[in-house]
Amino acid sequence: MDKKLKTALRTAFAAPPPERKTAFLRVHRRRELGSMEMLLTQAGYVRRWTWAGSVALFAAILVLAAGREPETVWTASALTPLLALIAVAEWGRSRRWGMEELELACRMPLRAALLARMAAVGLLHFALLGLAAPVLALCDGAGVLRAGACLLTPYLLTAAVGMELSRRMRGQEGLLACAAAAALVCAVGIWTRETAFDLFRTESASFRWAALALALAASAFELVKTVKETEELQWN
Amino acid sequence: MALDIEEQYDRIYRYCFFRLRDRHRAEDVTQETFLRWFASETYRDTGQTLQYLYTVARNLCADEGRRPSAELLPEDLPGEPGDPALSVALRSELDRLSPEDRELVLMRYVNETPMGVLCKLYGASRFALYRRLRGILTRLRERLEG
């Protein structure tokens, strides 16, 4: 469309300025739900056993790890995939029970609700791991950063694989596949203890950070894909 | 979707004005549209705010349009600088278009409503709307040149 015609159209459709606009907009505004309010509202919909299970599992990890000095970080790290499994099971709940369409019809769109629930559970888990890292590092004699990286890498890896699997498989099969993936990550963690790929050795620092970066990238990629898929569902 | 309320107020008001041809009634309908949106419990934050606003405005204009109008479209309306002769000719050609075509031109080229929103409002495909808009513009150009 040429500029001349566009300008002429704008002139032809020019309306007299509204007289009461400023006064109206000063008084009336739509009440938007803030991010924190949204997070707290959606956290209320996360099942109680997810919260309780996370804290209980975390406590069990700490107790188990504390009894295996000086391998506390390694033991805890081998068990963090189970924590990620709880998170993935919660995130994929609506899909597992075939409730996505119903959630799309709710006031809060599935995408926003899913993100808020992921954030709520993820924040709790990160807080627990953040608390655990210095305690375990103290028992193990390792640095806090090293302990943090060793705890986060299997957690993120399981979360990434779990998200991918729960998108590909529907129903309880998805959850079973996620559990198998978590067990596999645990097993790999235990197996690498005896190999050159051990994350806990002081001399394999570059490998440890590369593994953490890879796990972070994979989980971010899977998170974006999971959220995007809810948009496609909405569009359909 | 982040929405500039002030900008959308102007657009909805312009839409209502050209539906009703009465500035006071157009402003009443615009405010009623926004009040319904502000108070709406049924609207879901699904990024379809524009579609929601235009649908409410269209329904309210249809209700309001059944009442007799008192004010006609004034000739000396403010506008952007351009060719005054072309604007006058264009205005008379626009009056010859069907109300729905005129509304479509207003919404697409003046209010700059995204095609996705127009498709949902008119229940038509993108292709059909592009073809229809191209046809309207061709007709307008031919009449203006002829």
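Me: In this predicted model, a cavity is a set of grid points where a 1.4 Å probe fits but cannot get out. By this rule, how many cavities of 30 Å³ or more are there?

Reply: Rolling a probe the size of a water molecule over the atoms shows where empty space is left. With the rule applied and cavities of 30 Å³ or more taken, the count comes to five.

Me: Which helix gives the most residues to the lining of the second largest cavity?

Reply: The second largest cavity has a volume of about 80 Å³. Helices α5 (72-91), α6 (93-96) and α10 (171-192) of chain A each supply at least two residues of its lining. Among the lining residues are A:Val88, A:Arg95, A:Gly174 and A:Cys178. The most, four residues, come from α10(A).

Me: How many residues of the lining of the second largest cavity are nonpolar, polar and charged?

Reply: The lining includes A:Leu175 and A:Met169, as well as A:Ser166 and A:Arg96. Over the lining, the division is five nonpolar, four polar and two charged.

Me: Is A:Trp191 buried or exposed?

Reply: A:Trp191 lies in helix α10 of chain A. Together with A:Leu184 and A:Val188, A:Trp191 makes a nonpolar surface patch of about 330 Å². Exposed means over 50% relative accessible area. A:Trp191 has a relative accessible area of 53% and is therefore exposed.

Me: What separates B:Arg11 and B:Glu7 along helix α1 of chain B?

Reply: B:Arg11 forms a salt bridge with B:Glu7, and the closest N and O atoms are 2.9 Å apart. B:Arg11 is buried at 15% relative accessible area, whereas B:Glu7 is partly exposed at 33%. The two are four residues apart in the helix, so the separation is about one helical turn.

Me: Which residue is buried and which is exposed, B:Glu93 or B:Arg96?

Reply: These residues form a salt bridge, the closest N and O atoms being 3.1 Å apart. Both lie in helix α4 (residues 84-96) of chain B, three residues apart. At a relative accessible area of 10%, the buried residue is B:Glu93; at 55%, the exposed residue is B:Arg96.

Notes. Residues are numbered from 1 along each chain as its sequence is written. Chains are lettered from A and ligands numbered from 1 in the order in which they are written. This is a predicted model: local features need pLDDT of at least 70, side-chain atom pairs count only at pLDDT 80 or more; totals for chains, interfaces and linings use all residues. Side-chain values use heavy atoms; hydrogens and water are left out. On a 1 Å grid over the protein atoms alone, a cavity is a set of points where a 1.4 Å probe fits but cannot get out, and a pocket is an open set with protein on both sides within 12 Å along at least five of seven lines; lining residues have an atom within 4 Å of a point. Grid points are joined across faces, edges and corners, and a volume is the space filled by probe spheres set on the points. Ala, Val, Leu, Ile, Met, Phe, Trp, Tyr, Cys and Pro count as nonpolar, Asp, Glu, Lys and Arg as charged, and the others, Gly among them, as polar. Patches are made of residues with over 30% relative accessible area and no salt bridge: like charges are joined within 9 Å, nonpolar side chains (Val, Leu, Ile, Met, Phe, Trp, Tyr) within 5 Å. Accessible areas come from the Shrake-Rupley method with a 1.4 Å probe; for residues, only the protein chains shown count as cover. A salt bridge is a side-chain nitrogen of Lys or Arg within 4 Å of a carboxyl oxygen of Asp or Glu. Buried means under 20% relative accessible area, exposed over 50%, partly exposed in between (1.4 Å probe, protein chains only).
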